[in-house]
Amino acid sequence: MSSVPDGKKLIRSPSGLRMVPENGAFSSPFSLDEPQWVPDKECPRCMQCDTKFDFIKRKHHCRRCGRCFCDKCCSKKVPLQRMCFVDPVRQCAECSLVSQKEMEFYDKQLKVLLGGGTFVVTLGTSEKSETMTCRLSNNHRYLFLDGESHFEVELSRISSMQILTDGTSPGGGSRASGMLLHYKPMGSQDVQQLRMEAADDKKVASLWLSAMHKAAKLLYEARDQ
């Protein structure tokens, strides 16, 4: 393995090259661990089409689920950013579709979250609100809220997230207008409530909230792995 200046290291796993944080405790909360491969002796046949493996028909492991497939059923090489692979890796048809959908989050919505949005923020049951810019930290681990004051919410300590909507989008549908979070502040086991409502630029705020909704799905999926 070799180190790189930005606090990450390049490692070679059985599945390929991965760029991971030097300290595993600082991994992105969206990341997934590599799966355990199904042992060769336990998969005499393709787990998709049931073709029997032999000297000609070789077996391949999907890098996302770890199951065994023939070349035809595991031929796609797709980026797998949630496992920090440097290059596209071999995946079965089902997993490749999931990874392709996630590419939109990494290519588009993650940039929106890093860019931030402006919200009127109310902490707990306080009657006082403050206009703050909320953005995702570069390591994806925190929500930074900046205004006259500053505080942070660690994503791993969020227990629930509800997107609030209104009915002002084109065509009469609902549009994301705010967010209600319940989380445990650092060093505390007491649940705190945080309410965020779109400030002046409601379009940017709505895009940020929609991206946050997608992020929440990935976050909960990673927790359930």
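Me: What makes the seven strands β11-β10-β9-β8-β14-β13-β12 an open sheet with antiparallel pairing?

Reply: In this predicted model, the seven strands stand in the order β11-β10-β9-β8-β14-β13-β12, and their pairing is antiparallel. Two strands count as paired if DSSP finds at least two bridges between them, and a strand is itself a DSSP run (E, at least two residues; helices are H or I, at least four), numbered from the N terminus. β11 (150-154) and β12 (158-166) stand at the edges with a single partner strand each, so one side of each has no neighbour in the sheet. From one strand to the next, the twist averages 30 degrees; such angles run from 0 to 180 degrees between N-to-C directions, with axes fitted to C-alpha atoms.

Me: How do you know that β9 and β10 pair?

Reply: Strand β9 (residues 129-136) and strand β10 (residues 142-146) share four bridges in the antiparallel sense, and the definition requires at least two. Within it, Cys 134 has Leu 145 of β10 as its bridge partner.

Me: What joins β10 to β11, and over how many bridges do they pair?

Reply: A hairpin through three residues joins β10 to β11, and the two strands pair over five bridges, again in the antiparallel sense. Asp 146 stands opposite His 150 in β11.

Me: Which conventions apply to the numbering and to the atoms?

Reply: Residues are numbered from 1 along each chain as its sequence is written, and side-chain values use heavy atoms, with hydrogens and water left out. Because the model is predicted, local features need pLDDT of at least 70 and side-chain atom pairs count only at pLDDT 80 or more, whereas totals for chains, interfaces and linings use all residues.

Me: Why is the contact of Arg 18 and Glu 34 called a salt bridge?

Reply: The term requires a side-chain nitrogen of Lys or Arg within 4 Å of a carboxyl oxygen of Asp or Glu. Arg 18 lies in strand β3 (residues 16-21) and Glu 34 in the loop between β3 and β4 (60-61), so the pair ties together parts that are 16 residues apart in sequence. The whole structure holds seven salt bridges.

Me: Which residues are linked with Glu 102 in a network of salt bridges?

Reply: Arg 64, Arg 82 and Glu 102 are linked in this network. The closest N and O atoms of Glu 102 and Arg 64 are 2.8 Å apart. Glu 102 lies in helix α1 (residues 93-115) and Arg 64 in the loop between β4 and β5 (68-69), so parts 38 residues apart in sequence are tied together. Glu 102 is buried at 5%, and Arg 64 is buried at 11%.

Methods
Buried means under 20% relative accessible area, exposed over 50%, partly exposed in between (1.4 Å probe, protein chains only).
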